[in-house]
Amino acid sequence: MTKKYIVQLTTKERRTLREIVKRLNGTSQKVRRAQMLLKADEAGPAWTDEQIAAAFDCRTRTVEKLRERLVKEGFEQTLHGKPREKPPTEKILSGKQEARVIAVRLGPPPKGYANWTLRLLARKVVELEIAEAISYETVRRTLKKTG
């Protein structure tokens, strides 16, 4: 079966990939992509998709998609992956709000309590109108950053 997307690396790209593999520079995904591209290079070993998939313990479809991405989107995009357009979830508290939550935590707990609980803090934050609504998990994450 003929390959639809052929990997033809320039000398500079090949040198960059070898440097990444040699130094294990970057994420494990980046190093793995670099190794796969080097094996798929027509001027290099020119391994088949099946050989690459067997060597790197992945599916042949993964190798096919990597080839396609290199041809369609370019070298940098293939190697580094797509950057996220927006963070997975928006921040709930601003810096000032976080500071106020910490200040409340450092103050004395309400009467009848020996210590602040996360749920108690969450209720107090809403009561003081620091945030409209907040979960105790968000309070935990905010306090953990300062720990």
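Predicted model: local features only at pLDDT ≥ 70, side-chain atom pairs only at ≥ 80, totals over all residues.

Reply: Contact, as the word is used here, means that heavy atoms lie within 4.5 Å of each other.

Leu17 is, together with Met36, one of the residues with the most contacts inside the largest nonpolar core, a set of 19 residues. Five helices each supply at least two residues of this core, namely α1 (11–23), α2 (28–40), α3 (49–56), α4 (60–73) and α5 (75–80), and α2 gives the most, with six residues. In soluble globular proteins, nonpolar side chains tend to be buried together. Apart from this core lies another, of 13 residues, which includes Leu93, Leu120, Leu121 and Ala131.

Helix α1 also holds arginine 14. With a relative accessible area of 15%, Arg14 counts as buried, because the cut-off for that word is under 20%.

Helix α4 has 14 residues and reaches 20 Å from its first C-alpha to its last, close to the 20 Å expected at 1.5 Å a residue. Its buried residues are Val63, Leu66, Arg67, Glu68 and Leu70, and these pack against α2, α3 and α5. Just after α4 comes glycine 74, which takes a positive phi of about 100°.

One of the buried residues of α4, Arg67, leads us to lysine 3, which lies in the segment before α1. Leaving aside neighbours within four places in sequence, Lys3 is in contact with Arg67 and also with Glu42, Ala46, Trp47, Thr48 and Asp49. At 28% relative accessibility, Lys3 counts as partly exposed. Between Lys3 and alanine 133 there are 130 places in sequence and 55 Å in space, taken from C-alpha to C-alpha.

As for rings, a search of the whole structure finds zero aromatic pairs, although the charged end of arginine 119 does sit over the ring of tyrosine 136, at 4.1 Å from its centre.

Conventions
Residues numbered from 1 in each chain as written. Heavy atoms only, no water. Core = buried A, V, L, I, M, F, W, Y, C linked by side-chain atoms within 4.5 Å. Buried < 20%, exposed > 50% of the residue type's maximum accessible area, 1.4 Å probe, protein only. Helix = DSSP H or I, 4+ residues; strand = E, 2+ residues; numbered from the N terminus. Expected span 1.5 Å × (residues − 1). Phe/Tyr/Trp six-rings, centres within 6.5 Å; stacked < 30°, edge-to-face > 60°. Lys NZ or Arg CZ within 6 Å of the ring centre and 35° of its normal.
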